[in-house]
Amino acid sequence: MNKPYSNFNATLAIAKASFRSILRSPSAVIFTLLFPLIFILVFGFIGGGGITVDVGVAKGSDLNNPIYKALQSSGVIHLVTNESAEQMNKDLAKGHLDAILNITKNITSWPVYAPVQGKSQLPPFTVNVQYTSASQEKGKILNSLVSGILFKMNSAMAKNTPPALAELKETTVTVRAYKTIDFILPGQLGFSLLSTGVFGTAFVFLSLRQTLVIKRFFATPVKRYSIVVGEALARITFALIGASFILLIGRFAFGFTLIHGFVTFINMLILSFIGVVVFMGFGFTVSGIAKNESTVPPIANLVTLPQFLLSGTFFSITVFPTWLQPICKILPLTFLNDAMRQVAFEGANLWDVSHQLFYLLLWGVGIYAVAVKAFKWE
C-alpha cells in the first residue's frame with residue numbers, strides 16, 4: 001500500500017535542495033559573510049568621516065552665554081537638549097552621550113561684578129562637565145575644546161576685571177567601554193540580513209519562474225505554500241548561520257560586547273530571524289515587480305541602498321541633517337539595528353526592545369500585504 005503524499009516532506013526536500021544551491025552561490029556567500037566582515041574592518045578600525053561629540057545639556061543650564069554659543073558653533077559638538085535628566089544619565093552610562101554639560105550663572109548681571117564682603121569673588125559662570133569612561137577619546141576632544149574656549153575668553157577678560165569668565169569643574173562616570181565594534185557589528189549584521197532577504201529571495205523566485213521550475217512543480221502534488229516555505233527555510237537557515245559566524249568572529253576576534261554571553265547571543269539570533277523574515281517580504285515584492293533578471297538589481301537597490309546608508313549601518317544617524325533624521329528613524333533596518341545594539345551592549349531583553357520589534361513587524365505586515373498583490377507564480 002502506497003504511503004499518502006506528504007507536503008511536509010516535500011517542503012523539507014525543497015528547503016534542502018535550495019540550501020545546497022545557496023552554498024554553491026558565490027554572491028550569497030559574499031553578501032552574507034564577506035562584505036559585512038570587510039566593512040567591519042574598514043569602518044571599525046581604519047575609520048572614516050568626521051568626529052561628532054554628543055553632549056547632553058542639563059535641564060536648567062544657562063543657554064544665554066558666550067560659552068554655550070561657542071560650543072554651538074564649533075561644528076564638532078552635537079548638543080542634545082530634548083532629553084530628560086534621567087534619560088541623559090542613562091545615555092551617559094551606556095555611552096550614547098559622551099558627556100553632560102551644565103553651565104550655571106553665578107551672578108545676576110553680567111559682566112558687572114559685585115564683590116562679596118569677606119568672600120572670594122566667583123566668576124560669572126561655572127561649567128560642569130560630566131564625562132563617561134565609555135567614551136574617553138571623545139571626552140578628551142570635548143575637554144580640549146571647552147578648555148580652549150574658556151582660556152580664550154578668560155584671557156580676554158583678565159585685562160578688564162579680576163574674575164575670569166568661568167571656572168571648569170569635571171567629573172567622570174566609570175562604566176563599560178563602548179568600542180567602535182559595538183556600533184559597527186550590529187549594523188553590518190543588519191546589512192547581511194537585508195541583503196539575504198531581498199536579493200536572495202528576489203533572484204531565486206524570478207529564476208524559478210523563468211526556468212519553468214515552478215510550472216513543473218504544479219504538475220506534482222506539492223502545494224504552493226510548500227514551495228514558498230521550503231525556499232524561505234533555506235534562506236532563514238543560511239542567514240542565521242551567517243549571523244552566528246559574524247557574532248562569533250566579532251566576539252572572539254574583535255572583542256564585540258555580548259553583555260550576557262550566550263543569552264545575548266540567542267537573543268541576537270532571534271532578532272536576526274525576525275529581521276530576515278521581514279526583509280524577505282521585500283524580496284517577494286521585488287520578484288513580483290521585476291520582469292527579468294536584469295531589472296532585479298536596480299529595483300532591489302532602491303529598497304536596500306537607502307536603508308544601508310540611512311539606518312545607522314555605517315555611522316550614527318545624528319550626522320545627517322535634522323530634516324532627514326525623522327525619515328532615518330522609521331526605516332525597518334533602523335529598528336533592527338537599534339534593537340540589536342541595545343540587546344548586545346546594554347543587556348536589554350526582547351521585551352525591552354518591544355517598541356522596535358512592534359514597528360519592524362508592522363513593516364512586515366505591510367510589505368507582505370504588498371507582496372501578495374505583486375507576487376507572480378508564472
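**Figure 1. Helix α6 and the residue that follows it.** Leu212 follows α6 and has a positive phi, near 65 degrees. The model is predicted: local features need pLDDT of at least 70, side-chain atom pairs count only at pLDDT 80 or more, and totals for chains, interfaces and linings use all residues. Residues are numbered from 1 along each chain as its sequence is written, and side-chain values use heavy atoms, with hydrogens and water left out. Helices (H or I, at least four residues) and strands (E, at least two) are DSSP runs, numbered from the N terminus. Helix α6 comprises the 31 residues 180-210, and at 1.5 Å a residue it should span 45 Å, in agreement with the 45 Å between its end C-alpha atoms; the expected span is 1.5 Å times one less than the number of residues. Of the 31 residues of α6, 26 are buried, so the helix is mostly covered (buried means under 20% relative accessible area, exposed over 50%, and partly exposed in between, with a 1.4 Å probe and protein chains only).

Figure 2. Two strands pair if DSSP finds at least two bridges between them. Strands β1 (residues 53-57) and β3 (residues 99-105) are parallel and share three bridges; Val57 has Leu101 of β3 as its bridge partner. Between β3 and β4 (residues 125-132) there are seven bridges, and these strands run antiparallel. Ala99 is bridged to Tyr131 in β4.

**Figure 3. Asp54 and its contact with His78.** Asp54 belongs to strand β1 and is buried, at 14% relative accessibility. Its side chain makes a polar contact of 2.9 Å with the side chain of His78. A polar contact is a pair of N or O atoms within 3.5 Å; within protein, one must be able to donate a hydrogen and the other to accept it, and residues adjacent in sequence count only if both atoms are side-chain atoms.

Figure 4. Glu86 and Lys90 form one of them, with the closest N and O atoms 3.7 Å apart. Both residues lie in α4 (residues 85-94), four residues apart, or about one turn of the helix. Glu86 is exposed at 55% relative accessible area, whereas Lys90 is partly exposed at 40%. Lys94 forms a salt bridge with Glu346, the closest N and O atoms being 3.2 Å apart. Because Lys94 lies in α4 and Glu346 in helix α12 (residues 332-346), this pair ties together parts that are 252 residues apart in sequence. Lys94 is partly exposed, at 27% relative accessible area.

Figure 5. The side chains of Glu231 and Arg235 form a salt bridge with an N to O distance of 3.1 Å. The two residues are four apart in α8 (residues 224-254), about one helical turn, and both are buried.

**Figure 6. A nonpolar surface patch.** Phe8, Leu12, Tyr225, Val229 and Leu233 form this patch, with about 480 Å² of accessible area together. The elements giving two or more residues to the patch are α1 (7-23) and α8; the largest share, three residues, comes from α8. Val229 lies in α8 and is partly exposed, at 36% relative accessibility. Such patches are made of residues with over 30% relative accessible area and no salt bridge, like charges being joined within 9 Å and nonpolar side chains (Val, Leu, Ile, Met, Phe, Trp, Tyr) within 5 Å. Accessible areas come from the Shrake-Rupley method with a 1.4 Å probe; for residues, only the protein chains shown count as cover.

Technical notes: A salt bridge is a side-chain nitrogen of Lys or Arg within 4 Å of a carboxyl oxygen of Asp or Glu.
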